[in-house]
Amino acid sequence: MPEQGKDSKSLQRALKLLSCFSFEKQEWGVTELAITLQEHKSVVHRILITLLKNGYLEQDPLTKKYRLGMRFFELGMIVAENMQLRKIAYPFMVDLHEQTGETVMLLIKEGTECLCIEKVQGHEGIQCTSRVGKRTPLYAGFSKILLAYQPQSTINDIISSCLRMFTSHTITDPEILSEQLKDIRSKGYVVTCGEVDEGSMGIGVPIRDYSTSVVGALSVVGPEFRMKPIISKILRLCLETGKAISRSMGFNDNGSNHVE
């Protein structure tokens, strides 16, 4: 039993270390990792060497800093290939992009965040900050389409926490958010303007599977000046595409969403 506890603690340290790597901070030195993790340098160095030997990390020969290795890329590709939603949705996303000319994204809920798992990028105008692998809060922008279908206890926990404002349009008032989420569930879609990126407009619709559960969301994002004049058309296309993906996921669509 003591040995099992020791192994578990070592694994927890390694996982905590790996969690330090992000899009914003892709390389780390031993000293800065030790300071961040509040661990002895010798402990951090031992973990790094183990991960390096097994291909989970690489080391820059000049800076001596560490970055994630190809083993994670290989594992990530296995996960990506097994994501049924991503496989099914992609052809529909390409078609929606061709019809609208705007960026189309596939989103899932990951903990208290929204995770972009696929994207077809628009070619002109404002480039949205979301990218494949990017996480954004569930309460801001088109991500709210996922939050709206969560259990009420989850919604309460998220909207009652300290919410960050990304722009002057970000809604952080719990009462207003709660009413918005009810409206989203009633309509079956969300339309937002500049809540995460100034000047952008986003539409979000749910994707359901055979159990009727919301397993993801489809979003169209572009510059407000271009999308606003034809928002009804884009919304209609987005709703139709969301339903088509849902049907391909086994959802039996007996109802319909009405665009106001």
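This is a predicted model: local features need pLDDT of at least 70, side-chain atom pairs count only at pLDDT 80 or more; totals for chains, interfaces and linings use all residues.
Trainee: Which residues of helix 3 are buried, and on which side of the helix do they lie?

Mentor: Buried here means under 20% relative accessible area. By that cut-off, V43, V44, I47, L48 and L51 are the buried residues of helix 3. Because they cover an arc of only 130 degrees around the axis, they lie on the same side of helix 3.

Trainee: Why can residues three or four places apart point the same way?

Mentor: The reason lies in the repeat of the helix. An α-helix has 3.6 residues a turn, so residues three or four places apart point the same way.

Trainee: What span does helix 3 reach from its first C-alpha to its last?

Mentor: Helix 3 covers residues 41-53, a run of 13 residues. At 1.5 Å a residue, 18 Å is expected, and the span in the model is close to that: 18 Å.

Trainee: Which residue just after helix 3 takes a positive phi?

Mentor: The phi in question is about 85 degrees. The residue that adopts it, just after helix 3, is G55.

Trainee: Which element gives the largest share of the lining of the second largest cavity?

Mentor: This cavity, of about 40 Å³, is lined by Q152, I155, S178, L181, K182 and R185. Two elements give two or more residues to that lining, helix 7 (152-159) and helix 8 (174-187). The largest share, 4 residues, comes from helix 8.

How values were computed. Residues are numbered from 1 along each chain as its sequence is written. Side-chain values use heavy atoms; hydrogens and water are left out. On a 1 Å grid over the protein atoms alone, a cavity is a set of points where a 1.4 Å probe fits but cannot get out, and a pocket is an open set with protein on both sides within 12 Å along at least five of seven lines; lining residues have an atom within 4 Å of a point. Grid points are joined across faces, edges and corners, and a volume is the space filled by probe spheres set on the points. The expected span of a helix is 1.5 Å times one less than its number of residues. Buried means under 20% relative accessible area, exposed over 50%, partly exposed in between (1.4 Å probe, protein chains only). The arc is that of the directions from the helix axis to the C-beta atoms.
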